[in-house]
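The questions below ask how each label was reached. Each answer sets a value beside its cut-off.

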Amino acid sequence: MKSIEELMAIKERMQNKVSLRNSADDDIRVVVGMATCGIAAGARPVLNAFVEGVNEAGLSDRVMVTQTGCIGICQYEPVVEVYEKDKEKVTYVKMNAEKAKEVIERHLKGGTPVAEYTIGAATK
Amino acid sequence: MEEFSLYVLDITMNSVRAGADKIDVTLDDRDGILTFTVADNGCGMTKEQLRRLTDPFFTTRKTRGVGLGVPFLKMLAEQTGGDVRVTSVTAEESPENHGTTLTATFGSDHIDFIPMGDLADTFVTLIQGNPDVDFTFTHRVRNGEVRLSCPELRQILGEGVPLSSFEVLEWIRKYLAEGYAELEK
């Protein structure tokens with residue numbers, strides 16, 4: 001069985017880290033639509049790609065990945081919204097895990113939204 | 001939806017949206033009958049909401065006019081020889097003891113049943129999005145069970161470490177994978 005000791009070790013490591021930050025430090029919020037429409041279209045692997053990718057890219061201190069219900073544009077699911085302080089919201093549509101990796105690299109890390117995956121590009 | 005684990009995710013999200021902070025998810029898969037139960041302490045549903053629960057053109061949400069979660073589940077249950085039952089007590093009816101329990105049965109050997117899919121992924125996803133909810137997951141099969149209790153994890157980790165921390169989620173994923181590997185033996 002996965003040991004309780006390992007969990008205790010995580011606790012030790014995390015407690016030092018947690019005390020240094022609070023949620024106000026998150027300057028970017030990535031929100032994945034997880035209602036029936038999103039889940040049926042493949043939102044779960046998209047969410048996981050963001051959770052894993054943000055951690056791998058070392059962005060956990062300033063990017064928070066969260067879930068929400070139906071955003072209201074079911075035909076474009078999986079939908080991901082990126083909120084950044086003092087910037088306009090970016091809505092990505094018809095997402096998958098591969099596209100999520102690109103968004104992490106180019107947008108969350110690089111600072112430039114991936115225009116071709118946004119709703120603006122999809123509705124042209 | 002092509003994996004049963006996605007139905008589990010979708011239906012359990014209903015409990016989250018009902019404001020529940022305690023949600024027990026149980027899968028009991030023995031002798032060809034799969035029983036899936038979600039019991040929550042959320043706001044509950046009125047008699048009228050319960051009556052229209054399997055009507056796809058009824059929903060309480062404002063963002064769209066259709067609600068397919070329970071109708072999808074019911075369709076899968078019925079095409080494999082099972083059914084869906086829901087009981088509910090609203091907060092108005094009982095301020096102390098309200099909530100909803102959904103029980104769905106399926107013929108898990110039935111030709112129209114679908115692959116179970118990645119249940120660990122479903123559980124991790126639920127915890128990631130709702131780290132403060134007291135989830136308990138139990139998956140019983142013929143030769144044993146896999147179980148995960150968020151209140152127990154929280155007790156070990158203490159207040160300062162959210163269950164949605166990446167390292168904790170990874171631990172949970174591995175813990176569940178080991179549990180499932182043990183059942184395969």
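A crossing is left-handed if the near helix is turned anticlockwise from the far one by less than a right angle, and right-handed if clockwise. Helices (H or I, at least four residues) and strands (E, at least two) are DSSP runs, numbered from the N terminus. This is a predicted model, in which local features need pLDDT of at least 70 and side-chain atom pairs count only at pLDDT 80 or more, while totals for chains, interfaces and linings use all residues. Residues are numbered from 1 along each chain as its sequence is written, and chains are lettered from A and ligands numbered from 1 in the order in which they are written.

Q: In which hand does α1(B) pass α4(B)?
A: The crossing of α1(B) with α4(B) is right-handed.

Q: Why are α1(B) and α4(B) called roughly parallel?
A: Their axes cross at roughly 20° and come within 8 Å. Axes are lines fitted to C-alpha atoms, for helices over the stretch in contact, and angles run from 0 to 180 degrees between N-to-C directions. Angles under 35 degrees count as roughly parallel, over 145 as roughly antiparallel, 65 to 115 as roughly perpendicular and the rest as oblique. The pair α1(B) and α4(B) is therefore roughly parallel.

Q: What makes the contact of α1(B) with α4(B)?
A: Ser5(B), Val8(B), Leu9(B) and Thr12(B) of α1(B) make it with Leu119(B), Asp121(B), Thr122(B), Thr125(B) and Leu126(B) of α4(B). Two residues are in contact if their C-beta atoms, placed from the backbone, lie within 7 Å. By class, the residues of this contact are four nonpolar, four polar and one charged. Here Ala, Val, Leu, Ile, Met, Phe, Trp, Tyr, Cys and Pro count as nonpolar, Asp, Glu, Lys and Arg as charged, and the others, Gly among them, as polar.

Q: How does α3(A) pack with α4(B), and in which hand does α3(A) pass α4(B)?
A: Helix α3 (residues 43–56) of chain A packs with α4(B) at an angle of about 65°, the axes being 11 Å apart. The crossing is left-handed. Arg44(A), Leu47(A), Asn48(A) and Val51(A) meet Asp121(B), Thr125(B) and Gln128(B) there.

Q: What makes up the side of chain B that touches chain A?
A: In total, 29 residues of chain B are in contact with 28 residues of chain A. On the chain B side, α1 (4–17), α4 (119–129), α5 (150–157) and α6 (166–184) each supply at least two residues. The largest share, eight residues, comes from α6(B). This side of chain B has 13 nonpolar, eight polar and eight charged residues.

Q: Why is Met64(A) called partly exposed?
A: Met64(A) has 18 other C-beta atoms within 10 Å. A residue is buried if 20 or more other C-beta atoms lie within 10 Å of its own, exposed if 12 or fewer, and partly exposed in between, with C-beta atoms placed from the backbone. Met64(A) is therefore partly exposed. Met64(A) is found in strand β2 (residues 63–68) of chain A. Of the 124 residues of chain A, 35% count as buried.

Q: Which residues touch the most other members of the largest nonpolar core?
A: A nonpolar core is a set of buried Ala, Val, Leu, Ile, Met, Phe, Trp, Tyr and Cys residues joined through C-beta atoms within 7 Å. Of the 78 residues in the largest one, those touching the most other members include Val46(A), Phe50(A), Phe123(B) and Ile172(B). The largest share of this core, eight residues, comes from α1(B).
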